[in-house]
Amino acid sequence: MASNLEDVIGRSEMDDVEAILSVSNTDVDEALHAVRSNYDTIFTWDYDKGSKPKLGRLYEKAKHSMWNAETDLD
């Protein structure tokens, strides 16, 4: 188990803006990205319409509570 902040987040200051902003995705076409951690983690940025039916349904439900371009614009 990590003993201090630097062990957990890789920097000594929580709000080190320069360190935070220095982390970037260098492959803009990357669909999956592995992040170093003490446990396995996979992020996906594959949001093509229809590729994630459950995400699509969640989005459609949320539009009823939020501003909706399809119904709020002429």
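Which residues line the second largest pocket? Before I come to that, a word on the basis: this is a predicted model, in which local features need pLDDT of at least 70 and side-chain atom pairs count only at pLDDT 80 or more, while totals for chains, interfaces and linings use all residues. Residues are numbered from 1 along each chain as its sequence is written, and side-chain values use heavy atoms, with hydrogens and water left out.

The second largest pocket is lined by Tyr 47, Asp 48, Lys 49, Gly 50, Ser 51, Lys 52, Leu 55, Gly 56, Tyr 59 and Glu 60. By pocket I mean, on a 1 Å grid over the protein atoms alone, an open set of points where a 1.4 Å probe fits, with protein on both sides within 12 Å along at least five of seven lines, and lining residues have an atom within 4 Å of a point. Its volume is about 210 Å³, a volume being the space filled by probe spheres set on the points, which are joined across faces, edges and corners. The lining divides into 3 nonpolar, 3 polar and 4 charged residues, where Ala, Val, Leu, Ile, Met, Phe, Trp, Tyr, Cys and Pro count as nonpolar, Asp, Glu, Lys and Arg as charged, and the others, Gly among them, as polar.

The largest pocket holds about 360 Å³ of space, and of its 14 lining residues, Ile 20, Val 23, Ser 24, His 33 and Val 35 are the closest to its centre. Its lining comprises 6 nonpolar, 5 polar and 3 charged residues.

Val 35 also belongs to a nonpolar surface patch of about 610 Å², together with Phe 43, Trp 45, Tyr 47, Leu 55 and Leu 58. Such a patch takes residues with over 30% relative accessible area and no salt bridge, and joins nonpolar side chains (Val, Leu, Ile, Met, Phe, Trp, Tyr) within 5 Å, or like charges within 9 Å; a salt bridge is a side-chain nitrogen of Lys or Arg within 4 Å of a carboxyl oxygen of Asp or Glu, and the areas come from the Shrake-Rupley method with a 1.4 Å probe, only the protein chains shown counting as cover for residues.
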